[in-house]
Amino acid sequence: MDLSAALPTFLITLREGVEAALVVGIVLACLKKAQQSQLNPWVYAGVGTGIVASGLVGIVFGGILQAVGQSDWRYAPAIAPSLKAGFCLIAIAMLSWMLIWMTKQAKSLKGEVEGAVNAALFAKNTPSPIPEEPGKKSLEYQAGWGVFTLIFIAVLREGFETVVFILAQFERGWTPVLGAFAGLIGAFAIGTLLFKWGVKINLRLFFQIMGVFLLLIVSGLVISALKSANLAVIELSAIAPQFASWCHAGTDSCILGPRVWDATQILPDNRFPGVVLKALFGYRSQLYLVQAVAYLGFLITAGGLYFQSITGKETGIQSSESKRGLSH
């Protein structure tokens, strides 16, 4: 078993899981402070339902991918790698959004969650001018649904991002799933240390380190997406003669351009330590021009936005508005 395939999903699930654990911990703390701990089961139900829903999404889309791969349809050999490329692109978009946008919103996360919980509790505690009809949902039941929905969406969002990433690595079998389970266990342990035992953890440093790893992993997905797209074109050119001109005879590159890197004899990416570098940093022992340009372009662009978000730099307009707000 190639355990290196579990490393990326472990790191991604660990980071996503800790983020979800923070939301859960904040909600539980708000309920305890408001003396509404009887709503805690709604929180746990939201966590469990979100995890199950994420798993079901993975099973459905994984089944579709497997069915296409085993289909006798003429274009099935080209559709399967196209789907893999599509999953890679979705994972790149979602994880990049989470990495950059959510990093900017991290400071306001606690306030937003507390506001949502307080809104649900306010609805519960506000007396209705109309007498409650027999059989109508109680106000506590409505508040419970509000808390459940908040937790369910938070867990499902993080879980869906992980599931899409696993689907992008579908050809590696079930090993990435083991990494996801390990990441969930790690996130649960960190959440327990934080909110149950009160252990102080530098979460800012944790998310910054995980963010760097995530940035490199997502950059590696750019290479994988292009590889799958190239394979789809190769299969399509073999099936439909009108697309044969897209590929040059004697080469395995149709849309990737010439090969610019080949370290197969020195540091292959299917053996240690190259396999670990491939899992964590997007290393490839063979690289083509389009892949190299796309990898560097994404890494520089996304990396610049990410480091700008964690350093908190503002644009000139934002800075002047902040100064005017402080002056008032």
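Start by selecting Arg15 and Glu19: the two form a salt bridge whose closest N and O atoms are 3.1 Å apart (a salt bridge is a side-chain nitrogen of Lys or Arg within 4 Å of a carboxyl oxygen of Asp or Glu). What is on display is a predicted model, in which local features need pLDDT of at least 70, side-chain atom pairs count only at pLDDT 80 or more, and totals for chains, interfaces and linings use all residues. Residues are numbered from 1 along each chain as its sequence is written, and side-chain values use heavy atoms, with hydrogens and water left out.

**The salt-bridge network**

Arg15 and Glu19 both lie in helix H1, four residues apart, about one turn of the helix (helices are DSSP runs of H or I with at least four residues, strands are runs of E with at least two, and both are numbered from the N terminus). Arg15 is buried, with a relative accessible area of 4%, and Glu19 is buried as well, at 6%. The cut-offs are under 20% relative accessible area for buried, over 50% for exposed and in between for partly exposed, with a 1.4 Å probe and protein chains only.

The side chains of Arg157 and Glu19 meet in a salt bridge, 3.9 Å from N to O. This pair links distant parts of the chain, with Arg157 in helix H5 and Glu19 in helix H1, 138 residues apart. Arg157 has 29% relative accessibility and therefore counts as partly exposed.

Arg157 forms a salt bridge with Glu158, the closest N and O atoms being 3.0 Å apart. Glu158, at 3% relative accessibility, counts as buried. The structure holds four salt bridges.

**A cavity beside Arg15**

Select Leu11, Ile12, Arg15, Met210, Phe213 and Leu214, which line the second largest cavity. A cavity is a set of points, on a 1 Å grid over the protein atoms alone, where a 1.4 Å probe fits but cannot get out; a pocket is an open set with protein on both sides within 12 Å along at least five of seven lines; lining residues have an atom within 4 Å of a point. This cavity has a volume of about 40 Å³, a volume being the space filled by probe spheres set on the points, with grid points joined across faces, edges and corners. Helix H1 (6–33) and helix H7 (203–239) each supply at least two residues of its lining. The lining divides into five nonpolar residues, no polar and one charged. Here Ala, Val, Leu, Ile, Met, Phe, Trp, Tyr, Cys and Pro count as nonpolar, Asp, Glu, Lys and Arg as charged, and the others, Gly among them, as polar. The structure holds two cavities of 30 Å³ or more.

**The largest pocket**

Move to the largest pocket, with a volume of about 1,500 Å³. Of the 44 residues that line this pocket, select Thr13, Val47, Ile51, Val155 and Leu184, the closest to its centre. The elements giving two or more residues to the lining are H1, helix H2 (40–69), helix H5 (139–168) and helix H6 (175–195). The lining residues divide into 22 nonpolar, 17 polar and five charged.

Stay with helix H6 and select Leu178, which is found there. At 44% relative accessibility, Leu178 counts as partly exposed. The C-alpha atoms of Leu178 and Phe10 are separated by 8.0 Å, although the two residues are 168 apart along the chain.

**A nonpolar surface patch**

Show the surface and select Val260, Trp261, Leu289 and Val293, which make a nonpolar patch of about 370 Å². Patches are made of residues with over 30% relative accessible area and no salt bridge, like charges being joined within 9 Å and nonpolar side chains (Val, Leu, Ile, Met, Phe, Trp, Tyr) within 5 Å. Accessible areas come from the Shrake-Rupley method with a 1.4 Å probe, and for residues only the protein chains shown count as cover. Strand E1 (259–262) and helix H9 (289–311) each supply at least two residues of the patch. Leu289 lies in helix H9 and, at 39% relative accessibility, counts as partly exposed.

**The whole chain**

Finally, clear the selection and colour by secondary structure. The chain has ten helices and two strands, in the pattern α-α-α-α-α-α-α-β-α-β-α-α along the sequence. Of its 328 residues, 42% count as buried.
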